[in-house]
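Student: I have a structure to work through, and I would like to go over it piece by piece.

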Amino acid sequence: MASETVASVHVDKTERANPVVSFLHSIGFTPLGAALLVIVALLPLVPPFNQEHMIRWLIMGAFLAAQAAAFDFTAGYIQVVNFGFAAILGLGAYTSGILTNTSPVLAVQPGISPWIGIFAGAILAGLVGLGLGWLTLRLRGIFAAVMAWFVGIALMGLVRNLTELTRGPLGMNPTSLLETTSNLPYYYIILAMMLIVYVLLRLVTRSNYGLAFKAIGQNIAAAKASGINPTKYRVLNFALSAFFAGWLGGFYAHYFGSLTPQTLMHTSKTVEVLALAYIGGRGSMWGGMVVAFPFVFGIEQLRSQFTELAGLHLVIYGALMIVVMIFYPDGVAGLVNWVKEKISGARE
Amino acid sequence: MVEKSSFGSSIMETITENLPASIVIVATIVLTIVIGVVTGPSQILNSIITGGMWALLAVGLALVFGVMNVPHFAHGESFMVGAYVAYFVFNPINTSLGESPNPFLGAIAPFIGILAAGVAGLILGVILERFLFYPLRLRTKQGWVMNAFLLTVGISFILTNGTTLVLGPNFRGIPRYWDVPPLTILGVTMAVDRVVAFFIAVVSIACLWFFLRRTRTGRAIRAVSQDELGAQMMGINLNFIFPLTFALATALAAISGASLLFMFQAYPTVGLQPLYMAWYVVMMAGLGNVIGAIVGGFIVAVLQTATQQFFGISWADVIPTVVMIVVLLVVPQGIFGSKIRSS
């Protein structure tokens with residue numbers, strides 16, 4: 001919110017004339033952000049990042065970054081926490097996985113192309129988000145959070161029970177998106193998906209809808225008094241976020257090629273995304289994305305350094321989130337904007 | 001300011017004035033009779049005993065929400081801490097008893113463990129309130145419910161993973177608290193532990209009830225739940241009431257974790273199911289409604305038994321959610337009503 005105005009004022013003042021910069025700005029990037037994006041895109045071509053396991057980490061980073069943006073779209077703007085985010089993502093993944101299935105292990109073999117399946121999964125996830133939002137968003141935000149959690153647990157239970165379709169806890173193996181064993185093409189696909197998620201959601205938040213979202217998030221009574229129907233906008237926001245969660249889930253299914261309810265849909269997965277979005281800075285959308293990449297690397301380092309201390313990275317996650325929550329709610333995005341402000345202040 | 005809870009009215013009034021509640025209660029009784037006819041009295045007794053435990057857990061949750069406006073997501077971790085404390089207190093005593101039997105100590109040892117868990121819960125509650133909720137309250141009251149919710153999520157995450165880190169993911173359990181033959185009630189054999197756990201729940205709830213209704217401090221807690229500002233103007237010190245409330249709720253959860261140690265055992269993620277059940281109860285009964293939480297505990301236990309009986313245990317996660325969707329559609333404020341719709 002405040003972060004964005006600071007950024008745009010900065011751009012308007014100094015570089016209004018430059019068409020490239022104004023284009024970047026129109027899709028939600030500052031020159032610095034665009035530079036970071038280019039660096040991230042070129043990373044897998046440079047050693048030491050061109051090793052396959054490093055590319056896998058980068059893919060994980062982009063995957064988490066996109067999730068953080070979609071999550072923050074709801075949590076940071078309308079102040080509703082979708083506590084079943086991971087389960088909805090899993091719903092998209094499983095839907096796409098089942099629709100594209102050709103192996104006789106499962107009861108049905110529709111054999112649709114994964115490129116279509118991903119969107120089918122996304123649409124179903126969006127519809128579930130729509131229904132869930134319609135049911136709970138008339139009430140206080142906490143109802144939506146808890147109900148999304150219940151629905152998430154129920155979805156996990158469904159996946160576990162419909163063994164003919166999902167093989168339950170044994171897990172299923174969806175077909176791959178590409179016929180290649182290299183990770184690099186997948187990296188560019190998820191990077192593109194991340195960009196699409198971010199830019200589309202950014203365009204929405206720039207529109208009148210975005211204004212309504214912010215108004216609702218800041219003061220719902222005042223928003224109502226200004227003639228905004230909070231339920232309508234909140235449901236819309238919730239459904240859109242769920243749609244993208246399902247879409248990303250589809251990528252997960254056809255990239256990792258293995259789905260189990262526990263590793264994909266568990267509440268702790270939602271908490272990981274939530275922590276990322278909050279450490280990045282709520283209401284910024286890009287904060288969580290910036291944090292995601294270094295985080296994945298840091299966590300993988302921690303994991304390989306302290307193999308006997310399983311779960312250490314999760315404790316650090318939680319502690320960071322609490323500290324940010326209580327003492328510095330603007331997160332990394334707030335910090336970056338503060339530095340920017342200092343610099344532009346010094347220049348004048 | 002809306003009234004956040006209804007300690008004020010008696011149980012009968014709450015029920016008769018509330019149509020959805022009466023319908024649900026009648027339906028629950030019918031369901032109980034059906035279960036009784038189909039499977040015999042054992043399942044009914046089971047439901048009542050489980051209901052007592054869910055009620056004890058849900059009361060703490062309702063209290064924290066009613067008084068502090070905190071949607072407590074680390075309630076299951078209080079349960080987990082209670083289970084661990086009881087294990088680490090009870091087990092050494094039990095081992096030494098194995099070497100030198102002492103019937104009196106043998107009978108009293110489980111209570112020592114459970115009491116220790118309760119005390120640990122009180123301490124943990126005060127610490128969490130002082131060091132986390134208090135600074136957050138100082139910083140901002142805006143968006144409090146969501147912020148507090150996320151804070152408890154963080155607490156839960158740290159406690160669960162921290163326990164894994166320190167104590168490992170392995171299960172620590174005991175086969176039973178009292179090494180005596182099971183009781184027979186109405187022709188049903190029941191482990192003594194289960195019966196005692198039920199009575200611990202009833203006594204704890206009764207104590208809480210007495211405390212809230214009859215003591216000065218208890219009345220102050222109720223006053224805060226009804227009108228925070230008004231209570232402050234009457235000279236009630238929130239910096240005393242909030243830690244006390246949070247400590248009480250944590251202690252109640254710790255006691256239930258301790259008294260169910262023989263059933264659940266102690267491991268880092270043991271709190272998840274109790275947390276789910278407690279939230280389910282308060283969502284159904286009405287957030288912040290303490291009486292509703294007590295009655296709701298038993299209703300949910302019957303529903304749970306019915307689900308397991310008629311659909312099989314693997315659907316235990318799915319059917320209750322469907323029921324909850326219906327409840328939210330028809331009576332979004334909960335069947336006992338808590339007057340907190342929208343915004």
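Tutor: One definition to begin with: helices here are DSSP runs of H or I with at least four residues, strands are runs of E with at least two, and both are numbered from the N terminus. With that numbering, B:Q265 lies in the loop between α11 (261–264) and α12 of chain B. Keep in mind that this is a predicted model.

Student: OK, what about the phi of B:Q265?

Tutor: Phi of B:Q265 is positive, about 65°, although the residue is not a glycine.

Student: Which residue in chain A has a positive phi without being glycine?

Tutor: A:R167 has one, with phi near 60°. A:R167 sits in the loop between α8 (163–166) and α9 (184–206) of chain A. There are 18 other C-beta atoms within 10 Å of A:R167, so it is partly exposed.

Student: Let's zoom out. How many helices and strands does chain A have?

Tutor: Chain A has 17 helices and zero strands. Chain B has 14 helices and two strands.

Student: What is the radius of gyration of chain A, and what would a compact globule have?

Tutor: Chain A has 20 Å, and a compact globule with 348 residues would have a value near 20 Å, so the two agree. For chain B, with 343 residues, the globule value is also near 20 Å and the chain has 20 Å, which agrees.

Student: How many residues are in the largest nonpolar core?

Tutor: It has 215 residues, and those with the most contacts inside it include A:A69, B:A58 and B:A293. Helix α7 (residues 141–161) of chain A gives the most to this core, with 16 residues.

Student: What does B:A293 touch?

Tutor: Leaving out residues up to four places away in sequence, B:A293 touches B:A55, B:A58, B:V59, B:L61, B:A62, B:V281, B:V282 and B:A285.

Student: Now the two chains together. How many residues are in contact?

Tutor: On the chain B side there are 37, in contact with 39 residues of chain A. The elements of chain B that give two or more residues to that side are α5 (103–139), α6 (144–167), α12 (272–285) and α14 (318–330). Of these, α6(B) gives the most, with 14 residues.

Student: What kinds of residues are on the side of chain B that touches chain A?

Tutor: They divide into 24 nonpolar, 10 polar and three charged.

Student: Back to helices. How do α8(B) and α10(B) pack?

Tutor: Helix α8 (residues 216–226) and helix α10 (residues 238–259) of chain B pack at an angle of about 100°, with their axes 10 Å apart. Angles of 65 to 115 degrees count as roughly perpendicular, and α8(B) and α10(B) are therefore roughly perpendicular to each other.

Student: Which residues meet there?

Tutor: B:A220, B:I221 and B:V224 in α8(B) meet B:L238, B:I241 and B:T245 in α10(B). The residues of that contact are five nonpolar, one polar and no charged.

Student: At what angle do α9(A) and α10(A) pack?

Tutor: About 75°, and the axes of α9(A) and helix α10 (residues 208–218) of chain A are 4 Å apart. That makes α9(A) roughly perpendicular to α10(A). A:V204, A:T205 and A:R206 of α9(A) make the contact with A:Y209, A:G210 and A:F213 of α10(A). Those residues divide into three nonpolar, two polar and one charged.

Student: Last one: where is B:R139?

Tutor: B:R139 lies in helix α5 of chain B. With 14 C-beta neighbours inside 10 Å, B:R139 counts as partly exposed.

Methods. Residues are numbered from 1 along each chain as its sequence is written. Chains are lettered from A and ligands numbered from 1 in the order in which they are written. This is a predicted model: local features need pLDDT of at least 70, side-chain atom pairs count only at pLDDT 80 or more; totals for chains, interfaces and linings use all residues. The radius of gyration is taken over C-alpha atoms; the globule rule is 2.2 Å times the number of residues to the power 0.38. A nonpolar core is a set of buried Ala, Val, Leu, Ile, Met, Phe, Trp, Tyr and Cys residues joined through C-beta atoms within 7 Å. A residue is buried if 20 or more other C-beta atoms lie within 10 Å of its own, exposed if 12 or fewer, and partly exposed in between; C-beta atoms are placed from the backbone. Two residues are in contact if their C-beta atoms, placed from the backbone, lie within 7 Å. Ala, Val, Leu, Ile, Met, Phe, Trp, Tyr, Cys and Pro count as nonpolar, Asp, Glu, Lys and Arg as charged, and the others, Gly among them, as polar. Axes are lines fitted to C-alpha atoms, for helices over the stretch in contact, and angles run from 0 to 180 degrees between N-to-C directions. Angles under 35 degrees count as roughly parallel, over 145 as roughly antiparallel, 65 to 115 as roughly perpendicular and the rest as oblique.
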